[in-house]
Amino acid sequence: MIIPRFCFNYLNPISLSKIRSNPLLFLHPLITKPRFSSMTSSRRATSAPIPAVETADRPELYRALETSLGSKFSSEPLVPTPRPLVIVISGPSGVGKDCLIKCLTQVRENIHFVVTATTRPMRAGEVNGKDYFFMSKQQFLQMIENDELLEYALVYGDYKGIPKQQIRDYMAKGYDIVLRVDIQGAATLKKILGDSAVFVFLVAESESELVMRLINRKTESKESLLVRVATAKEELRQMKNFDYVVVNAEGKLESCVKTVESIIEAEKAKVLQRKPLF
Ligand SMILES: Nc1ncnc2c1ncn2[C@@H]1O[C@H](COP(=O)(O)OP(=O)(O)OP(=O)(O)O)[C@@H](O)[C@H]1O
């Protein structure tokens with residue numbers, strides 16, 4: 001039997017060996033009583049009687065408990081507000097990163113998708129400043145020069161980069177931050193952000209489903225399709241460097257969004273929170 005350390009002072013006159021052979025002796029008043037009377041002397045303000053639980057009204061019982069313990073019960077939150085999170089969403093081209101983030105920002109409050117700066121041409125239906133900041137190569141190079149980008153890369157012939165200021169501004173307001181990057185970008189961000197961010201790898205349920213998604217999107221030339229599909233095969237090997245992997249199965253975007261939301265909730269419930277870099 002393991003005997004709590006705090007009880008050792010009160011074991012006389014019943015010896016430790018006797019308790020070991022008969023654990024019920026642990027309940028003996030000579031052991032338990034001094035323990036509680038010691039607590040009484042240091043903490044109790046008065047020895048006010050606690051009314052019977054069955055008959056007392058709740059406020060009366062509450063106050064009696066406070067009086068007995070000699071202090072008021074605090075209404076302060078027991079857990080501080082969780083820190084804003086940085087969530088990095090990555091995965092092969094065409095897996096559904098944009099769709100996931102769009103839904104996530106619709107269903108969650110206080111979450112900001114950092115709009116990436118890019119030199120690629122705008123696709124049909126895209127909105128400047130919402131989907132991306134579309135800009136010329138010259139403008140982009142100026143941002144690099146001014147050290148305004150957290151990370152940038154040349155992707156399929158076009159520049160893409162993450163503006164730092166947006167992250168600072170929204171984190172200061174208490175918003176969680178979502179970053180969307182390709183696999184190479186995620187590797188770079190891992191080096192910069194380390195464990196301060198949560199890295200989520202998005203996959204389709206199969207390689208063939210991923211290819212079909214890209215074909216159906218009808219945004220790529222046959223050359224671009226070939227490059228993206230070939231790259232995706234390589235990229236899947238990088239999954240091991242991420243914190244979480246989430247499957248975005250055909251027609252199941254909603255469930256994929258829920259999984260990412262659960263990840264966010266779990267991260268916020270961690271006893272040891274990630275230390276923000278910003
Ligand atoms: N769960 C899903 N089921 C079926 N189709 C989907 C699903 N999720 C996304 N899609 C479709 O797959 C295509 C690719 O999605 P999306 O553009 O979001 O991918 P992406 O990962 O952001 O691609 P890229 O990296 O090339 O920008 C889109 O046509 C989208 O409508």
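**View A. Contact between helix 4 and helix 10 in the predicted model.** In this predicted model, Cys99, Leu100, Cys103, Leu104 and Val107 of helix 4 meet Leu253, Cys256, Val257 and Val260 of helix 10. By class, the residues of this contact divide into nine nonpolar, no polar and no charged. Two packed helices are described by the angle between their axes and the distance between the axes. For helix 4 and helix 10, the axes come within 10 Å and cross at roughly 65 degrees, and the crossing is right-handed.

**View B. The five-stranded sheet and helix 10.** Five strands, in the order 2-7-1-8-9, make up an open sheet with parallel pairing. Strand 2 (111–113) and strand 9 (244–247) are the edge strands, each of them pairing on one side only, and neighbouring strands of the sheet are turned by 25 degrees against each other on average, direction ignored. Helix 10, residues 253–268, lies across strand 1 (86–90), strand 7, strand 8 (198–203) and strand 9, and runs at about 160 degrees to strand 9.

**View C. Pairing of strand 2 with strand 7.** The parallel strands 2 and 7, the latter spanning residues 176–180, are joined by three bridges. Within this pairing, His112 stands opposite Ile177 of strand 7.

**View D. The four-stranded sheet and helix 5.** A further open sheet is formed by four strands in the order 4-3-6-5, with mixed pairing. Its edge strands, strand 4 (132–134) and strand 5 (149–155), each pair on one side only, while neighbouring strands are turned by 25 degrees against each other on average, direction ignored. Strand 5 is joined by five bridges to strand 6 (residues 158–163), and the two run antiparallel; Leu149 stands opposite Pro163 in strand 6. Helix 5, residues 137–145, packs on this sheet and touches strand 3 (116–118), strand 5 and strand 6, its direction making about 40 degrees with that of strand 6.

**View E. The shell around the ligand.** Among the 16 residues around the ligand, Ser93, Gly96, Lys97, Asp98 and Arg217 come nearest. Helix 4 (97–107) and helix 8 (207–217) each supply at least two residues of this shell, which by class comprises three nonpolar, seven polar and six charged residues.

**View F. Helix 3 and the residue that follows.** Helix 3, with twelve residues (58–69), reaches 17 Å from its first C-alpha to its last, which is close to the 16 Å expected at 1.5 Å a residue. Just after helix 3, Gly70 takes a positive phi of about 80 degrees.

Definitions and conventions
Residues numbered from 1 in each chain as written. Predicted model: local features only at pLDDT ≥ 70, side-chain atom pairs only at ≥ 80, totals over all residues. Near = placed C-beta within 6 Å. Nonpolar A, V, L, I, M, F, W, Y, C, P; charged D, E, K, R; others polar. Pairing = 2+ DSSP bridges. Axes fitted to C-alpha atoms, helices over the stretch in contact; angles between N-to-C directions. Contact = placed C-beta atoms within 7 Å. Expected span 1.5 Å × (residues − 1). Left-handed = near helix turned anticlockwise from the far one by under 90°.
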